[in-house]
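Let's take a friendly walk through this model, from the overall chain to the space inside it.

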Amino acid sequence: MTLNRPERIDLLLSRPQRLGREPEPREQLDSLAAIERVVIDATIALLAPGQKFALLWSLQVGEQTVAGVQIKERNGTVTNLMPPTEVLEYLTDHKRMSYNPDAGAWLSAEIFIAGPTRYKTNYSTGSVADWMPEVSADDLRAEFAAFPRPDTEIPDWARTQLDWADRRTG
(Lines give C-alpha, C1' and ligand atoms only; values in the text may rest on other atoms or scores of the structure.)
Protein backbone atom coordinates (compact mmCIF):
# COMPACT_ATOMS: atom_id res chain seq x y z
CA MET A 1 0.00 0.00 0.00
CA THR A 2 1.39 3.45 -0.91
CA LEU A 3 0.08 6.48 0.87
CA ASN A 4 0.69 10.20 0.78
CA ARG A 5 -0.27 12.72 3.37
CA PRO A 6 0.19 16.45 3.94
CA GLU A 7 3.69 17.76 4.60
CA ARG A 8 4.91 16.91 8.11
CA ILE A 9 8.11 18.91 8.40
CA ASP A 10 7.70 18.77 12.19
CA LEU A 11 8.68 15.11 12.03
CA LEU A 12 12.07 16.02 10.60
CA LEU A 13 12.89 18.45 13.41
CA SER A 14 14.69 17.10 16.45
CA ARG A 15 12.54 16.30 19.39
CA PRO A 16 13.59 17.66 22.78
CA GLN A 17 15.12 15.12 25.14
CA ARG A 18 13.46 14.68 28.50
CA LEU A 19 16.44 14.23 30.80
CA GLY A 20 16.01 12.44 34.11
CA ARG A 21 12.43 11.41 33.48
CA GLU A 22 10.87 8.01 33.04
CA PRO A 23 9.44 7.45 29.56
CA GLU A 24 5.74 8.06 29.29
CA PRO A 25 3.59 4.94 29.01
CA ARG A 26 2.98 3.86 25.44
CA GLU A 27 -0.43 4.82 24.12
CA GLN A 28 -2.63 1.82 23.34
CA LEU A 29 -3.94 2.20 19.80
CA ASP A 30 -7.13 0.56 18.63
CA SER A 31 -6.68 0.29 14.87
CA LEU A 32 -4.11 -0.90 12.35
CA ALA A 33 -4.22 2.52 10.67
CA ALA A 34 -3.35 4.28 13.93
CA ILE A 35 -0.47 1.87 14.59
CA GLU A 36 0.90 2.33 11.07
CA ARG A 37 0.70 6.11 11.41
CA VAL A 38 2.71 6.07 14.69
CA VAL A 39 5.31 3.62 13.30
CA ILE A 40 5.80 5.70 10.17
CA ASP A 41 5.97 8.97 12.12
CA ALA A 42 8.61 7.52 14.46
CA THR A 43 10.67 6.30 11.51
CA ILE A 44 10.37 9.63 9.71
CA ALA A 45 11.61 11.29 12.90
CA LEU A 46 14.86 9.30 12.55
CA LEU A 47 15.60 11.05 9.25
CA ALA A 48 17.90 14.06 9.43
CA PRO A 49 18.51 16.75 6.81
CA GLY A 50 20.42 15.22 3.92
CA GLN A 51 18.86 11.81 4.36
CA LYS A 52 16.37 10.95 1.70
CA PHE A 53 15.08 7.43 2.30
CA ALA A 54 14.43 4.98 5.11
CA LEU A 55 13.52 1.31 5.12
CA LEU A 56 12.05 -0.07 8.31
CA TRP A 57 12.01 -3.87 8.26
CA SER A 58 10.62 -6.31 10.75
CA LEU A 59 10.61 -10.07 11.00
CA GLN A 60 8.24 -11.48 13.59
CA VAL A 61 8.19 -15.19 14.20
CA GLY A 62 6.09 -16.53 17.05
CA GLU A 63 6.40 -14.01 19.84
CA GLN A 64 9.83 -12.69 18.80
CA THR A 65 10.62 -9.61 16.74
CA VAL A 66 13.83 -8.59 14.98
CA ALA A 67 13.91 -5.32 13.11
CA GLY A 68 16.11 -2.59 11.74
CA VAL A 69 16.10 0.71 9.96
CA GLN A 70 18.30 1.47 6.97
CA ILE A 71 18.68 5.15 6.13
CA LYS A 72 20.07 6.18 2.77
CA GLU A 73 22.02 9.42 2.53
CA ARG A 74 21.87 11.63 -0.54
CA ASN A 75 25.45 10.57 -1.35
CA GLY A 76 24.32 6.92 -1.49
CA THR A 77 25.78 5.67 1.79
CA VAL A 78 23.55 3.61 4.06
CA THR A 79 23.32 3.81 7.85
CA ASN A 80 21.80 0.94 9.85
CA LEU A 81 19.90 1.78 13.04
CA MET A 82 17.76 -0.04 15.56
CA PRO A 83 14.17 1.18 15.62
CA PRO A 84 12.93 2.69 18.89
CA THR A 85 11.49 0.17 21.36
CA GLU A 86 8.10 1.83 20.96
CA VAL A 87 8.12 1.01 17.23
CA LEU A 88 8.88 -2.67 17.93
CA GLU A 89 6.05 -2.81 20.45
CA TYR A 90 3.61 -1.24 18.00
CA LEU A 91 4.69 -3.68 15.26
CA THR A 92 3.96 -6.53 17.67
CA ASP A 93 0.52 -5.01 18.34
CA HIS A 94 0.00 -4.73 14.56
CA LYS A 95 0.75 -8.41 14.04
CA ARG A 96 -1.62 -9.48 16.82
CA MET A 97 -4.40 -7.22 15.52
CA SER A 98 -3.99 -8.34 11.91
CA TYR A 99 -4.05 -12.07 12.69
CA ASN A 100 -6.57 -13.95 10.56
CA PRO A 101 -7.21 -17.64 11.42
CA ASP A 102 -7.79 -18.33 7.71
CA ALA A 103 -4.44 -16.90 6.61
CA GLY A 104 -2.21 -16.61 9.70
CA ALA A 105 -0.32 -13.54 10.72
CA TRP A 106 2.37 -11.68 8.86
CA LEU A 107 5.94 -12.85 9.21
CA SER A 108 7.71 -9.89 7.65
CA ALA A 109 7.14 -6.20 7.10
CA GLU A 110 8.92 -3.65 4.96
CA ILE A 111 8.05 0.03 5.23
CA PHE A 112 9.71 2.27 2.63
CA ILE A 113 9.74 5.95 3.59
CA ALA A 114 10.72 8.71 1.18
CA GLY A 115 10.46 11.79 3.37
CA PRO A 116 7.58 13.03 5.48
CA THR A 117 4.90 12.71 2.80
CA ARG A 118 5.46 9.41 0.96
CA TYR A 119 5.67 5.85 2.19
CA LYS A 120 4.83 2.32 1.09
CA THR A 121 4.11 -0.66 3.34
CA ASN A 122 4.33 -4.37 2.64
CA TYR A 123 3.22 -6.92 5.24
CA SER A 124 3.65 -10.54 4.14
CA THR A 125 2.09 -13.63 5.68
CA GLY A 126 4.02 -15.94 3.40
CA SER A 127 7.35 -14.55 2.30
CA VAL A 128 10.50 -13.32 3.96
CA ALA A 129 13.03 -11.30 1.96
CA ASP A 130 16.30 -13.16 1.28
CA TRP A 131 18.31 -10.50 3.09
CA MET A 132 16.38 -10.85 6.37
CA PRO A 133 17.66 -13.14 9.15
CA GLU A 134 17.03 -16.85 8.62
CA VAL A 135 13.98 -18.34 10.31
CA SER A 136 14.68 -21.58 12.18
CA ALA A 137 12.35 -24.58 12.32
CA ASP A 138 11.84 -23.97 16.06
CA ASP A 139 10.87 -20.36 15.33
CA LEU A 140 8.40 -21.56 12.69
CA ARG A 141 6.84 -24.04 15.09
CA ALA A 142 6.44 -21.23 17.65
CA GLU A 143 4.91 -19.03 14.94
CA PHE A 144 2.31 -21.58 13.91
CA ALA A 145 1.50 -22.41 17.55
CA ALA A 146 1.02 -18.73 18.42
CA PHE A 147 -0.74 -17.84 15.16
CA PRO A 148 -2.33 -21.02 13.74
CA ARG A 149 -3.22 -21.15 10.07
CA PRO A 150 -4.59 -23.82 7.74
CA ASP A 151 -2.01 -26.18 6.25
CA THR A 152 -2.77 -24.72 2.82
CA GLU A 153 -1.55 -21.31 4.10
CA ILE A 154 1.84 -22.55 5.29
CA PRO A 155 4.35 -21.24 2.75
CA ASP A 156 6.32 -23.84 0.76
CA TRP A 157 9.65 -22.53 2.06
CA ALA A 158 8.44 -22.95 5.67
CA ARG A 159 7.07 -26.43 5.01
CA THR A 160 10.41 -27.44 3.41
CA GLN A 161 12.38 -26.08 6.36
CA LEU A 162 10.16 -27.90 8.87
CA ASP A 163 10.41 -31.17 6.88
CA TRP A 164 14.19 -30.83 6.63
CA ALA A 165 14.52 -30.21 10.40
CA ASP A 166 12.26 -33.22 11.15
CA ARG A 167 14.33 -35.51 8.89
CA ARG A 168 17.54 -34.29 10.48
CA THR A 169 16.39 -34.93 14.03
CA GLY A 170 14.02 -37.83 13.46
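What follows covers confidence, fold and the cavity.

This is a predicted model, in which local features need pLDDT of at least 70, side-chain atom pairs count only at pLDDT 80 or more, and totals for chains, interfaces and linings use all residues. Residues are numbered from 1 along each chain as its sequence is written, and side-chain values use heavy atoms, leaving out hydrogens and water.

The pLDDT (the predictor's confidence in each residue, from 0 to 100) averages 82 over the chain, with 84% of the residues scoring at least 70. For residues 1-19 the pLDDT is below 50, and this stretch has 36 contacts (heavy atoms within 4.5 Å) beyond near neighbours in sequence.

Along the sequence the pattern runs β-α-β-β-β-α-β-β-α-α, giving 4 helices and 6 strands. These are DSSP runs numbered from the N terminus: helices are H or I with at least four residues, strands E with at least two.

A search of the whole structure turns up 1 cavity of 30 Å³ or more. On a 1 Å grid over the protein atoms alone, a cavity is a set of points where a 1.4 Å probe fits but cannot get out, and lining residues have an atom within 4 Å of a point. Its lining includes Gln-60, Thr-92 and Phe-147, and α2 gives the largest share, 3 residues. The lining divides as follows.

| Lining class | Count |
|---|---|
| Nonpolar | 1 residue |
| Polar | 5 residues |

Conventions: 1 Å grid on protein atoms, 1.4 Å probe; cavity = no way out; pocket = protein on both sides within 12 Å on 5 of 7 lines; lining within 4 Å. Points joined across faces, edges and corners; volume = space filled by probe spheres on them. Nonpolar A, V, L, I, M, F, W, Y, C, P; charged D, E, K, R; others polar.
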